Amino acid sequence: MPYAAYDRQSAKRAHAEDPPEDRTPFQQDCDRVVHTTAFRRLMHKTQVYYSPDSDHVRTRLTHTIEVSRAARSVATQLGLNPELAECIALAHDLGHPPFGHAGEATLNRLMKGHGGFEHNAQALRIVTNLSRTYPDFDGLNLCLGSLEGIAKHNGPIHQPPSADVARILQQNGIGHAGYPSAEAQVAALADDIAYNCHDLQDALRTKLLTLEDVSSLPIIGPRYRALQASMPKLDSHRMMHALVRTLFGTLMDDLVAGSAAILARLAPGSIEDIRQYDQGVIAFTGETEEDLNAIRSFLAEHMYNTPEMDLYRGKISRLLTIIFEHYTADPDVLPEHWRARLGTRPDSSLLARTVADYISGMTDNFAIMTFADIMGLAGNVSLMTLPLHG
């Protein structure tokens, strides 16, 4: 397809390198993301459940892998560049701090006046600067198409970015306005499919919700009643998997159909055409978007915004605030390589950003252990046992 990201500009890197002989440039980008410390740490970072005791619920890592598979599949069916869609999906959560969105909200509050904190911007900073494992450059030296997708996979940048992110965008010729490649848009909606389906499955598996609770939801309800009628002895475990599989497959098929219709109608002749449109080119059909909104609203009410989750969010806010204040008050207790970034007389914004960078790289359990050490808490400390005050 003429609008797929196979052009030379998409594969350009900030630091010139000989192209790999055994892989495409975007396959190389995928490998570089997977080999980062930030990617490995996703194994112990929250998806929805904080420091989950169950081995079966999602973490950021398993979620990321599921998103990457979905993105690759949709991109292939639409004639796009599957390696680019996969790379953006693999990198999309690298910037998440411990404790998921609750941790992000806390760091954003603490960084008010210092550029704020947002996980997409943090992922961009990781792949361009904070990951320092190559001898010739900071970051991963990813292709321009990968950087644009990481920075803008959720669409145009409407809020002014922090000074360092603005500099990264400017250095790589990435404008704030305009949509990114179709591959980046695929990665964003693959994320949407994955977290809605699998958050629902995790809620069923942990018995936060029952099959009867979800039997009235669109897409799921008709399939549930059909299975009950045709297989009345089907156990709840298999029923759960059948329903989530149906939801996932339906959303995937609809995303391909809806996007193919938009692309056929607009007939873009290049990636630049896609950037210039006033709408995204990857989307569900209208009816399925309405169904998905109903599922999102249901999960928000019955899963994300429950009193139990509010209690955990309060604990997370206190925990990360105390860690942040501890290191900003006495930066000499930071690990040596983080202290080295501060220089001799850091200003308040550099200090705050360095501490936020350090905290954002922590896993859930390491953050809890750090908090326990600061507070002098002994024994087995977890979010469940952590007091809200004191």
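Which residues does T288 touch, not counting residues up to four places away in sequence? They are L251 and D254, where touching means heavy atoms within 4.5 Å.

This is a predicted model, in which local features need pLDDT of at least 70, side-chain atom pairs count only at pLDDT 80 or more, and totals for chains, interfaces and linings use all residues. Residues are numbered from 1 along each chain as its sequence is written, and side-chain values use heavy atoms, with hydrogens and water left out.

T288 sits in helix α14, residues 286–304. Helices here are DSSP runs of H or I, at least four residues long, numbered from the N terminus. T288 is buried, at 8% relative accessible area. Buried means under 20% relative accessible area, with a 1.4 Å probe and protein chains only.

Now turn to helix α7, residues 144–152. Here 9 of 9 residues are buried. Among them are E148 and K152. The cover includes α1, α4, α6, α8, α9 and α13.

Helix α18 spans residues 364–375. Its 12 residues reach 17 Å from first C-alpha to last, close to the expected 16 Å. That expected span is 1.5 Å times one less than the number of residues. D364, A367, I368, T370, F371 and A372 are buried in α18. Their cover includes α15, residues 307–329. G376 follows α18, with a positive phi near 70°.

Terms used. Buried < 20%, exposed > 50% of the residue type's maximum accessible area, 1.4 Å probe, protein only. Helix = DSSP H or I, 4+ residues; strand = E, 2+ residues; numbered from the N terminus.
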